[in-house]
Amino acid sequence: MRQPALLIPLSLRPPPGKTWHLTNFASNSTARLCRARIPPVAMHEENPLRREVDQFILDEIDSVPHLEALLLLWNSKPRPWPVDELARSLYLQTDSTASLLRDLQDRGLAAFDAGHWCWNSNSPRADLMPLVDATYRRELVRLSSMIHSKASPAVRQFARAFRLKKD
């Protein structure tokens with residue numbers, strides 16, 4: 001009987017030509033070895049939605065905590081969050097959490113009302129958020145690397161000052 005292919009992230013795959021031996025536990029708790037058949041790596045097709053998510057990350061997100069705060073607000077909508085509770089969830093100091101939430105508010109992604117933060121339901125990017133969330137879950141390392149490879153937030157903030165805005 002042919003073993004089913006396992007879906008294993010690229011970073012965890014063995015070198016080409018090698019295979020792993022995985023331990024499977026049968027119902028009687030005895031261990032047996034089976035050979036994992038690693039499927040060939042398929043190249044991701046470049047599609048417009050992926051490019052749109054990447055552009056959103058490049059344009060609007062300054063750091064991984066910014067993205068995680070945004071996704072936490074979006075996934076828990078319409079729940080309002082006090083800044084200290086959000087800081088605990090993100091493992092950040094309260095003042096740095098408040099700062100990144102103000103950044104998200106300036107971009108129209110977060111809203112502040114009565115001492116609580118929540119997802120801005122009037123955001124023009126609301127239709128993109130399910131894709132951003134799914135992409136972050138599926139491609140955490142790629143998106144994190146993209147965020148870390150950008151220019152510093154101070155340089156991007158300086159450049160934003162010169163953007164022309166529609167009134």
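Select Asp54 to begin: this residue is buried, with a relative accessible area of 13%, where buried means under 20%, exposed over 50% and partly exposed in between (1.4 Å probe, protein chains only). The model is a predicted one, in which local features need pLDDT of at least 70 and side-chain atom pairs count only at pLDDT 80 or more, while totals for chains, interfaces and linings use all residues. Residues are numbered from 1 along each chain as its sequence is written, and side-chain values use heavy atoms, with hydrogens and water left out.

Now move to Arg138 and Glu139, whose side chains meet in a salt bridge (3.7 Å, N to O). Salt bridges that share partners join Arg50, Asp54, Arg138, Glu139 and Arg142 into one network. Arg138 is exposed at 56% relative accessibility, whereas Glu139 is buried at 11%.

Then select helix H5, residues 129-138, whose buried residues are Met129, Val132, Asp133, Thr135 and Tyr136. Seen down the axis of H5, these fall within an arc of 165°, so they line one face of the helix; the arc is that of the directions from the helix axis to the C-beta atoms. The face turned away from the buried side of H5 carries the exposed residues Arg137 and Arg138.

Terms used. Helix = DSSP H or I, 4+ residues; strand = E, 2+ residues; numbered from the N terminus. Salt bridge = Lys/Arg side-chain N within 4 Å of Asp/Glu carboxyl O.
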